[in-house]
Amino acid sequence: MRGYSHSHPLFLPASEIARNHPVTDLLDKRLVFVTGKGGVGKTTVAMALGLRAAAEGKRTIVCEVSSQENASRMFAHTEVGFHEVEMEENLWSISIDPDESMREYVLLQLKVRAMRDMLFRSRIFNYLAAATPGLKELVTIGKIWELAQLDRKVKSGRKYDLVIVDAPATGHGIGFLQTPRTFAAIARVGPIHSQAQQLDRLITDQEHTGVAIVALPEEMPVNESATLERDLLDDVGVAVDRVYMNGLYPERFSGKEAEQLAELAAESDDGLRAAARAGLSEHNRARCQRAQLSRLRRRVEAPVKTLPFLFEPDLGIEGARQLAKRVG
Amino acid sequence: MPAVGEILDGKDICICAGSGGVGKTTTSAAIATGMAARGLKVCVLTIDPAKRLADSLGLKELGNEAKQVDPALFEQQGIEIKGELWAMMLDAKATFDDLVARQAPDEEARDRVLNNRIYQQISSALAGSQEYMAMEKLFELHSEGRFDLLVLDTPPSRNALDFLDAPKRLTQFIEGRSLRVFMKPTGLAAKVAGRGASVALSVLKRIVGFDLLADLAEFFNAFSGMVDGFQARAKRVNGLLGDPRTCFLVVCGPQGEPVDEAVYFHRKLVEAKLPFGGVIVNKVHYPAEQLRGGGGNLEASLTEKLGDDDLAKRVADNFADYQALAERDARNIERLANELRSQGVIRVPYLDEDVHDLAGLAEINRYLFATSEERIELAAGRA
């Protein structure tokens, strides 16, 4: 147990200890994983957190963990690759490529150049590197660990106050954070075992590492967020710090006003009818969403923070900038 | 604009593909329901249905076997199922285990694989194994010939293309040329154990650890008798995907990013010579034409009618927001339609309530299977 002594820690299951850990504010941590179901706006929320932290003066890097490079698309910059690119003041971005991470890992492990060259040329190595299940995820988390070090391993590495990870969608999400634990179990001894354990310690270090789930106010994303929180606690030993309910419609009309609009829709035509119907749709959706928000609050342990639906279409980075005011 | 019923006419298999969060599961269920209503015996294979959707289909205790959905459930929603609707939830691990059991030359070989710790990891953790197993199950059901139509809801993945690459990746994993090195009597397994050591191997041992290497070698050895069987099977699965009686439907949302992905996915399907059927765009704010109008004095007319200028302003603002969304959707869909040339784009409106039950499913079903005239009527009934 790090940094916190519960009065009776021995009488509590590990999950309880994780849950009772004092909440360090999300952006005061060193490393934050942003996770959730696909299509809920993880990339935008991760970027909003990055913008917010950078605005607060923290040197921040946002990491993308697949080859899609949403972050660079959002910044309309030249491609973000496997190198740290400055986006704005205090804000950097990187797309973590597993093959490059593997290469870097070997470079850091083997100081003798001849040995490295031989390994890179070796067919068995290349085959194993490509084929061993979970190895890509492991070296990716290894790179995240490296980025989060105050004493960076790579030559003249920049020091970051905060590393934010736009984690893979759930389904794969729990698998991703669970990788080090799984690897530590597969490789019972040896260097991979100890390194995997080290990465697992990083992920479960509640004081320095945070996890945020992004949800949408719909049935399935709410269910999956609750399941994800439970699984993270039970299988990885991580208590979720915060759940963001993203895309919440404003409540523009009261029930009484909705009745007025229904009357108006029934008696008029064209523009007025269309406007009244749009108002009714908004009222219905906002009401359904509020019901989902209550469900989410009942079903998750972590505090829920709401983020508004942005009506301006396809905002990209501007959307993240608007949400940055609300994510803190 | 063809309806789903026409696109799927004479098809054996419908594969619904698309990135996560676009309503693939619901769309697959609605397609299967509509085709069963037309008199076919249909089975929908789903990976992860919304709990309430599963409950309403009677899928509560469903495992890796198909179960029939009670047609009476749909009668209440005004849908008569003339054929049969079956559904199953895919269990990737169980499917992989079945496949190993089928391919293994004997029980001992089977158990060696099933009990191997690396196998236990890959059967759930290897990227693409879930996708591959979905296709494997599809192939198995198709070979059995029990159904007129199979509808597959592909696993959620960030990149819809993972699905197409899955068989390749999986077979590469178990058939790779380097694997032969492992499997020779004098191969890696023996070398790891100490007989004859290459320098590369000793370096590898140093960073990976002996234990892990030994486990991997054991895994590859255990698999060795099955490589040919797996290869042949993967080839047949790929053949089935390219068959003209198979149809890929791309499911997406109307926002810029999902539309980009649908365009990309369509191109890849065409490149791979896989049979593309059309795109279903969910949650569309439409029709934009009908949302236009009102003009500059809308707020004034609203104030007059409602007798409340604050409410009138909110109604007008809300309407303007909806118009902007509808116009964005229309622009994105036009881009999509241009990309696909004459091929089908089917729009399903953004319904006022979240679709996760049978009533919602029935409503989506009406849009998917509507004829052109019915579609105009449906649209006219909405804002």
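This note walks through a few features of the structure above, point by point.

1. A word on the ground rules: this is a predicted model, in which local features need pLDDT of at least 70 and side-chain atom pairs count only at pLDDT 80 or more, while totals for chains, interfaces and linings use all residues. Residues are numbered from 1 along each chain as its sequence is written, chains are lettered from A and ligands numbered from 1 in the order in which they are written, and side-chain values use heavy atoms, with hydrogens and water left out.

2. Let's begin with salt bridges (a side-chain nitrogen of Lys or Arg within 4 Å of a carboxyl oxygen of Asp or Glu). Over all chains, the search finds 35 of them. One joins K143(A) to E146(A), at 3.1 Å from N to O. These two residues sit 3 residues apart in helix 7 (residues 135–148) of chain A, so about one helical turn separates them. Helices here are DSSP runs of H or I with at least four residues, and strands are runs of E with at least two, numbered from the N terminus.

3. E146(A) has another partner: R152(A), with the closest N and O atoms 2.9 Å apart. Are these side chains buried or exposed? Buried means under 20% relative accessible area, exposed over 50%, and partly exposed in between (1.4 Å probe, protein chains only). K143(A) is buried at 5%, E146(A) is buried at 2% and R152(A) is buried at 8%. A network of salt bridges links K143(A), E146(A) and R152(A) with E84(A), E104(A) and R158(A).

4. Now for some backbone angles. Most residues other than glycine have a negative phi. N90(A), however, has a positive phi near 70 degrees. N90(A) lies in the loop between strand 3 (85–88) and strand 4 (91–95) of chain A, and is buried at 17%. K273(B) has a positive phi near 55 degrees. K273(B) lies in the loop between helix 15 (256–271) and strand 7 (276–284) of chain B, and is exposed at 70%.

5. Finally, find D97(B), V100(B) and A101(B) in helix 5 of chain B; they meet R110(B), V113(B) and L114(B) in helix 6 of chain B, where contact means heavy atoms within 4.5 Å.
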